[in-house]
Amino acid sequence: MIIDTNIVARKIEYKDPVEEEWEKFQKEIKEETTTSAEIIAGEQEEATAERQIDEIDEQIRNWSRVLDLELKKEETKKKIQDIEMLDDNSENDSDNETDIDEFLDWRAKKSYV
């Protein structure tokens, strides 16, 4: 009962030292847990940012490949068109060559008028 009289006499609430130590321990653990969660969140954000940068780099490389292939496609189309034009011209040239050969053949007994 001495405790009860001390509480009433001083108007101070009695706290068990073990209970105070437990509350202090819990408060420190809560602070450390909060700090740890902040560190983990920061590391996760950093890892996410690095992963996104890697994905963006990969997309840039892929787009570069697509653009290179598009350029090759255009070059190939141009080469095909050039070859087709040359073929058309060579067909006309071969017709002209046969006509010229007829005129230049001195053995032919044809009269040209």
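Analyst: Here are a few terms, each set against its value. This is a predicted model, where local features need pLDDT of at least 70, side-chain atom pairs count only at pLDDT 80 or more, and totals for chains, interfaces and linings use all residues. Residues are numbered from 1 along each chain as its sequence is written, and side-chain values use heavy atoms, leaving out hydrogens and water.

User: Why is Asp16 called partly exposed?

Analyst: Buried means under 20% relative accessible area, exposed over 50%, and partly exposed in between (1.4 Å probe, protein chains only). Asp16 has 37%, so Asp16 is partly exposed.

User: What makes Ile29 partly exposed?

Analyst: Ile29 has a relative accessible area of 42%, so the label is partly exposed here too. Of the 113 residues of the protein chain, 0% count as buried.

User: Where do Asp16 and Ile29 lie?

Analyst: Asp16 lies in the loop between helix 1 (2-10) and helix 2 (17-104), while Ile29 lies in helix 2. Helices are DSSP runs of H or I with at least four residues, and strands are runs of E with at least two, numbered from the N terminus. The protein chain has 2 helices and 0 strands.
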